[in-house]
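Subject: Structure handover

Hello,

Here is the structure for your files. My notes on it follow below.

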Amino acid sequence: PLLASAHEGSCIRLWSIQGNLMKELLPFSGCPSGPLTALCTDIFRKVLLTGSKEGYVFRWNMASFLKDSRNRKNEIKEQLCWRAHAAEVVDLFIEEEKNVIVTASIDGSVRLWHARTGYYFGYFGQARKFELGDTSRLILPSDVTDFSAIIKERSKHTEKKKVMYPLVLDREK
């Protein structure tokens with residue numbers, strides 16, 4: 001079992017039951033994360049969702065990490081991020097049976113999203129019925145202008161190579 005905590009500096013920390021820090025995560029997508037305000041997992045604890053003060057939702061895949069947390073190759077991968085609200089996300093959860101994510105904001109809105117793609121289905125209180133099977137229509141809430149961003153893979157940091165550049169005075173230049 002793990003404990004997860006979300007922090008003001010956009011950091012997620014995973015702890016063992018004994019209180020040892022096991023992993024520290026920072027979003028690396030282009031979405032501005034800001035302080036994290038909400039956190040939840042699916043029932044199998046393979047997906048971690050976080051919500052931010054700026055209204056973004058981040059989806060993380062924890063499956064390989066949970067199989068063997070000691071193996072450094074088993075990373076927790078950020079899969080998806082999208083702007084869910086124009087204001088702070090105060091709560092979110094995954095509804096497994098329907099494959100949707102429900103988000104709530106301080107603006108008073110509660111919205112439904114496709115769990116794997118971040119497609120917007122609608123908001124509670126709308127006149128039309130939710131069309132949960134149709135993810136082909138790319139629609140957005142009226143106060144959000146950014147579509148979801150699927151994160152393919154973290155960019156590899158290249159190792160710094162030691163290069164020598166001797167300084168030579170060239171009077172002609």
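I start with a detail of one loop: arginine 45 is found between S4 and S5. Arginine 45 is not a glycine, yet its phi is positive, at about 60°. Arginine 45 counts as exposed because its relative accessibility of 52% falls over the 50% cut-off. Please keep in mind throughout that this is a predicted model.

Asparagine 99 also has a positive phi of about 60°, and it is not a glycine either. Asparagine 99 sits in the loop between S8 and strand S9, the latter covering residues 100-105. With a relative accessible area of 21%, asparagine 99 is partly exposed.

Overall make-up

The protein chain contains 1 helix and 12 strands. Read from the N terminus, the order of elements is β-β-β-β-β-β-α-β-β-β-β-β-β. Of the 173 residues in the protein chain, 37% are buried. The accessible surface of the protein chain is about 11500 Å², and carbon and sulfur atoms account for 52% of that surface. As for contacts in the protein chain between residues at least 6 apart in sequence, 41% of them join residues at least 24 apart.

Nonpolar cores

The largest nonpolar core has 15 residues, and the members that touch the most other members are Leu49, Val57, Trp82, Leu92, Ile94, Ile101 and Trp113. At least two residues of this core come from each of strand S4 (36-41), strand S5 (47-52), strand S7 (77-83) and strand S8 (89-95). S8 provides the largest share of this core, with 3 residues. There is also a second, separate core of 12 residues, with Leu25, Leu36, Phe65 and Ile76 among them.

Salt bridge

How many salt bridges does the structure hold? The count is 1. It pairs glutamate 24 with arginine 13, and the closest N and O atoms are 2.6 Å apart. Glutamate 24 belongs to strand S3 (residues 21-25) and arginine 13 to strand S2 (residues 12-16), so the pair ties together parts that are 11 residues apart in sequence. In general terms, side chains of opposite charge can pair when their charged atoms come close.

Serine 5

Serine 5 is part of strand S1, which spans residues 2-6. Is serine 5 buried or exposed? Its relative accessible area is 18%, and serine 5 is therefore buried, the cut-off being under 20%. The side chain of serine 5 makes a polar contact of 3.0 Å with the side chain of tryptophan 15. Leaving aside residues up to four places away in sequence, serine 5 touches Cys11, Ile12, Arg13, Trp15 and Leu39.

Regards

Conventions
Residues are numbered from 1 along each chain as its sequence is written. This is a predicted model: local features need pLDDT of at least 70, side-chain atom pairs count only at pLDDT 80 or more; totals for chains, interfaces and linings use all residues. Side-chain values use heavy atoms; hydrogens and water are left out. Helices (H or I, at least four residues) and strands (E, at least two) are DSSP runs, numbered from the N terminus. Buried means under 20% relative accessible area, exposed over 50%, partly exposed in between (1.4 Å probe, protein chains only). A polar contact is a pair of N or O atoms within 3.5 Å; within protein, one must be able to donate a hydrogen and the other to accept it, and residues adjacent in sequence count only if both atoms are side-chain atoms. Contact means heavy atoms within 4.5 Å. A salt bridge is a side-chain nitrogen of Lys or Arg within 4 Å of a carboxyl oxygen of Asp or Glu. A nonpolar core is a set of buried Ala, Val, Leu, Ile, Met, Phe, Trp, Tyr and Cys residues joined through side-chain atoms within 4.5 Å. Accessible areas come from the Shrake-Rupley method with a 1.4 Å probe; for residues, only the protein chains shown count as cover.
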